[in-house]
Amino acid sequence: MLLMMAEVLELAEVAKAYPGNWFWSILAYNQTHVEWAGCSLHDLIQPSFSFLVGVALPYSIASRLAKGGTFGKMWAHAIWRSVLLVFLGIFLRSMHSSQTYFTFEDTLTQIGLGYPILFLLGFCRPRWQWTAFACVLFGYWLAWALYPAPGPGFDYGAVGVPANWPHNFTGFASHWNKNSNLGNAFDQWFLNLFPRTRPFVFNGGGYLTLSFIPTLGTMILGLIGGQWLREAAPRIPMKKLLIAGAIGIAAGLLLHFTGICPVVKRIWTPAWTLFSGGACFLILAAFSWIIDIQGYRKWAFPLVVIGMNSIAAYLVAHLFHNFFASSFRIHLGPNAFKFLGDGMEPFWSGLAVLICYWLVLFWMYRRKLFLKI
C-alpha cells in the first residue's frame, strides 16, 4: 500500500530531468511497471496485496468461528465482500469517464472475482488447496496454449501494439503476446456486453478480465502461507517460507527461459503467478524475521497505520490526489516546491501529498476508524 500511495512521488519524471543519473534511474524503474516481460518492485504491489488476502483468510475464519459464526453466514458475507470489491473497482475506474466504465482489471475487482472460491478453499485440506492451485495454473496455461497464436501477418496496430514493438515473443511464447491472446479475445466479447461509449477492442496496457483466474492462484499461495503461520505459532515457519519462495521464483524463471510460459505481470501468466508468489513468500519471511523473530517493531509503526486500513489507503490514493495537489498549488503558490529546481518539483510536491495521505490514515488509526469490507 505504501508503494502504491508513493506513486505521487513521480520518480520517473524526476529521472527524465536527470538523464544518466543511475540513482534516479533505478528508483524510476522500480516505481513503474515493466512494459511486458520481467518485474520491477512496482509490479509486486498487486500480487502482494492479493497474496495477503489469502494470508489473512485463515485468521479471519478462525476468528469468526470463535465468535459463533456459521458457515452460512460467513459464506453470505464472502459473497457480499466479493460483490462490493468488484463494484468498488469499477467505480474507481469510472471516475474520469462520462458514464460507468465497465472494466474488471482493477486490483479490487480481480480479488473480488476470485474471493468466493478462495473462501471455500479455506475450509479444505491442504492437499485440495494445492490441487486447486495446480488446476488453476495448468488449466489456464493450457487454454492459452490451445488458442491460436498470432500469425506472421497479424495486424498488431489494430489492437494498439506498434508494429516495431520490441516486446513481442516469437515461437510458442507468442501465445502470450500483447492484445493478441485468449484474454483479449474474451474481453472483446465480454466487455462489449456492457454499455460503452465506444466498442471495446483492446486495453492500452494489455490488462485483462480473465487475469482474476491466475490471481486466484496467488491468493491460494497466500492462504497456504497463512495456514503455515497459524499452525506454527508462536514460531515462524521460516524454512517453509524460504523454500516456497525459492521454488516459486525458480519455477517461474524456468518456464520463462524455456519459452513454455513467459513471466508477464500485465496478463498474469501462470509463470508470473509462480514468480511473484515466490517473491511474496520471501517478503513475508523477511518481515516476519525482522519483526517477529528479531523483535524490531517500532520502526514499522508508519506501515501499521497504513496496513490496518488497507482499503482506506487504496481509496485515499485514488480519490484524494487532486484535492491535496490543487490545495497546495492554491494556498502555497505554483512554485512552492521548486526550491531545489524544476526537476525535483514532482518529488517534493508528491512527498507533501504522500504525507497528507498518511496523516489521514493516522487520524483514522487514532480514532479506531478501520474501513473493512
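## Leucine 191 and its surroundings

Leucine 191 touches Phe102, Thr103, Phe104, Arg196, Phe200 and Thr209, leaving aside residues up to four places away in sequence; contact means heavy atoms within 4.5 Å. This is a predicted model, in which local features need pLDDT of at least 70 and side-chain atom pairs count only at pLDDT 80 or more, while totals for chains, interfaces and linings use all residues. Residues are numbered from 1 along each chain as its sequence is written, and side-chain values use heavy atoms, with hydrogens and water left out.

Leucine 191 lies in the loop between H8 and helix H9 (212-232). Helices (H or I, at least four residues) and strands (E, at least two) are DSSP runs, numbered from the N terminus. The C-alpha atom of leucine 191 is separated by 48 Å from that of isoleucine 293, 102 residues away along the chain.

In helix H8 (residues 182-190), the buried residues are Gly183, Asn184 and Asp187. They line one face of the helix, because they fall within an arc of 95 degrees when seen down the axis of H8; the arc is that of the directions from the helix axis to the C-beta atoms. Helix H7 (126-146) is included in what covers them.

Buried means under 20% relative accessible area, exposed over 50%, and partly exposed in between (1.4 Å probe, protein chains only).

| Residue | Relative accessible area | Class |
|---|---|---|
| Leucine 191 | 2% | buried |
| Asparagine 179 | 3% | buried |
| Lysine 368 | 66% | exposed |

Some backbone angles also deserve a note. Most residues other than glycine have a negative phi, and most peptide bonds are trans. Asparagine 179, in the loop between H7 and H8, has a positive phi near 60 degrees. Lysine 368 also has a positive phi, of about 55 degrees, and sits in the segment after helix H15 (345-366). The peptide bond from alanine 233 to proline 234 is cis, with omega near 5 degrees. Proline 234 belongs to the loop between H9 and helix H10 (238-257).

As for the whole chain, there are 15 helices and 0 strands. Its C-alpha trace spans about 60 × 60 × 45 Å along the principal axes. Of the 373 residues, 46% are buried. Among contacts with a separation of 6 or more, 74% are between residues 24 or more positions apart.
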